[in-house]
Amino acid sequence: MRADILSSRAGRVLVLGTTGAVGVIAIAWTATLVTIISPHGLGVDFQQYLAHTTQWQETGQFYLPHQLAGPTTIDNGD
C-alpha cells in the first residue's frame, strides 16, 4: 500500500503536506505551552509546596495567618 501512495506525485504531495501540517501544529502547540509556562517557571508547584513545608517546620503553623482569621478567599500561594 505504501509503495502505491508514494509512487504518484499526488500521493507524495499528500504525505508531505500532511507531515508539514502536523509539524506546524506541533510547533504552535509547543509555543503555546512555553508562553503559559514561562512566566511561572518550571516546578512552580514544587517550589510552593517546599515553601509551605519549610514555613510549617519553622513556625508549627500549617495554615497562613490570613487563612485562620476567618472567612477567606483562596489566593495564589494558599
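Mentor: Let's start with Ala26, which is found in helix α2 (residues 9-37). Helices here are DSSP runs of H or I with at least four residues, strands are runs of E with at least two, and both are numbered from the N terminus. A quick word on the source: this is a predicted model, so local features need pLDDT of at least 70, side-chain atom pairs count only at pLDDT 80 or more, and totals for chains, interfaces and linings use all residues. Residues are numbered from 1 along each chain as its sequence is written, and side-chain values use heavy atoms, with hydrogens and water left out.

Back to Ala26: with 38% relative accessibility, Ala26 counts as partly exposed. On this scale, buried means under 20% relative accessible area, exposed means over 50%, and partly exposed is in between (1.4 Å probe, protein chains only). Now look across to Gln47: Ala26 and Gln47 are 21 residues apart in sequence, and their C-alpha atoms are 29 Å apart in space.

Next comes Gln55, in helix α3 (residues 44-59). Gln55 has a relative accessible area of 18%, so this residue is buried. Leaving aside residues up to four places away in sequence, Gln55 touches Gly60, Gln61, Tyr63 and Leu64; contact means heavy atoms within 4.5 Å.

One of those partners, Tyr63, takes us to the rings. Rings of Phe, Tyr and Trp (its six-membered ring) pair if their centres lie within 6.5 Å; planes under 30 degrees apart count as stacked, over 60 as edge-to-face, and the rest as tilted. That rule gives two aromatic pairs. Together, Trp56, Phe62 and Tyr63 form one aromatic cluster. As for cover, Trp56 is partly exposed at 43% relative accessible area, and Tyr63 is partly exposed at 46%.

Now zoom out. The protein has four helices and zero strands, running α-α-α-α from the N terminus. Its radius of gyration is 26 Å, whereas a compact globule of 78 residues would have one near 12 Å; the radius is taken over C-alpha atoms, and the globule rule is 2.2 Å times the number of residues to the power 0.38. Along the principal axes, the C-alpha atoms fill a box of roughly 75 × 25 × 20 Å. Buried residues make up 4% of the 78.
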